[in-house]
Amino acid sequence: LILKIPFSTKISNFAASKSKNRMLQYLEQEVLNYSEAHSSPEMTVLQQISRETYAKILLPQMLSGHLQGNILSTFSRMIQAKRMLEIGTFTAYSAICLAQGLAEGGELHTIESNEELEVYIRKHIKAADLEGVIRLHIGPAAQIIPTLDMVFDLVFIDADKLNYLLYYELVLPKVRKGGFIIADNVLWSGKVLTDAKDKDTMALKRFNQYVRADERVFNTLFPLRDGLMVIQKL
Ligand SMILES: C[S@@+](CC[C@H](N)C(=O)[O-])C[C@H]1O[C@@H](n2cnc3c(N)ncnc32)[C@H](O)[C@@H]1O
């Protein structure tokens with residue numbers, strides 16, 4: 001059948017699918033812009049953190065950004081968390097968003113392995129006036145999590161993808177019944193839908209399958225931005 005399709009038709013199909021992709025990308029960006037314009041505005045301090053991160057830090061696109069930041073704030077506001085844990089602080093953008101929903105007297109622990117980021121993280125936490133609320137731990141998450149002898153209402157996993165499953169198993173016993181784990185980037189730019197065999201994609205596929213089959217939790221994969229897996233401990 002393919003051989004019977006004239007070459008010119010194949011080219012025009014190819015061109016049509018490319019222009020369809022461009023149209024979808026355009027629509028996706030327009031929908032994102034519209035959604036941001038109709039969501040509570042990004043706090044001034046978060047705009048400054050975003051600007052500084054893009055100007056001075058490697059891989060600035062790792063920062064959550066306005067819409068995802070608002071989504072994280074919404075989750076923590078919904079449950080009025082008393083204690084939260086974040087794995088992967090980067091420049092503290094998401095930590096500050098999550099902290100917006102903390103109950104009075106609540107605290108957020110956040111773990112970052114890159115010690116070169118510490119000076120930026122502390123500066124940003126101070127700028128947000130959250131020094132007494134956000135507790136920073138510098139070091140590898142797999143070593144720090146077992147030292148945190150406490151119960152969490154919400155854990156946000158946003159560090160090295162290879163260890164998502166390890167972090168999930170380490171934090172699940174520390175999450176209260178009815179509490180949440182949110183894992184970012186679980187769609188990995190759509191690569192989890194492909195046959196890609198790189199380690200990160202394989203690890204995220206394994207993570208998504210494992211969580212889906214885990215009877216200890218109720219989970220939903222939100223196709224937002226790069227994919228947010230929202231998991232409630234039963
Ligand atoms: C995607 S960024 C986090 C972005 C941040 N949560 C935000 O939304 O603005 C991932 C961060 O995890 C950190 N990281 C990577 N491996 C880690 C590990 N083993 N333990 C702790 N942090 C780690 C990286 O240095 C990086 O800053």
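Modeller: Two strands pair if DSSP finds at least two bridges between them. The model we discuss here is predicted.

Colleague: How many bridges join strand E2 to strand E3?

Modeller: E2 covers residues 107–112 and E3 covers residues 134–138. The two strands run parallel. Pairing needs at least two bridges. The number joining E2 to E3 is five.

Colleague: Which residue in E3 is the bridge partner of Thr110?

Modeller: Start from Thr110 and cross to strand E3. The bridge partner there is Leu136.

Colleague: Through which helix does the chain cross from E2 to E3?

Modeller: The path is a β-α-β crossover, and it is right-handed. Its helix spans residues 118–127. That helix is H5.

Colleague: In which sense do strands E6 and E7 pair?

Modeller: E6 holds residues 217–222, and E7 holds residues 228–233. Six bridges link them. Thr220 has Val230 in E7 as its bridge partner. The sense of the pairing is antiparallel.

Colleague: Which residue in the hairpin of E6 and E7 takes a positive phi?

Modeller: Five residues sit between the strands of this hairpin. The phi in question is near 45°. The residue is Arg225.

Colleague: Which element gives the most to the lining of the second largest pocket?

Modeller: This pocket has a volume of about 180 Å³. Of its 14 lining residues, Ser40, Pro41, Asn70, Ser73 and Arg77 are the closest to its centre. Helices H3 (66–79) and H4 (93–99) are the elements that give two or more residues. With six residues, the top contributor is H3.

Colleague: How many residues in that second largest pocket's lining are polar?

Modeller: Sort the lining by class. Five residues are nonpolar and two are charged. The polar count is seven.

Terms used. Residues numbered from 1 in each chain as written. Predicted model: local features only at pLDDT ≥ 70, side-chain atom pairs only at ≥ 80, totals over all residues. Heavy atoms only, no water. 1 Å grid on protein atoms, 1.4 Å probe; cavity = no way out; pocket = protein on both sides within 12 Å on 5 of 7 lines; lining within 4 Å. Points joined across faces, edges and corners; volume = space filled by probe spheres on them. Helix = DSSP H or I, 4+ residues; strand = E, 2+ residues; numbered from the N terminus. Nonpolar A, V, L, I, M, F, W, Y, C, P; charged D, E, K, R; others polar. Right-handed = clockwise from strand over helix to strand, strands pointing away.
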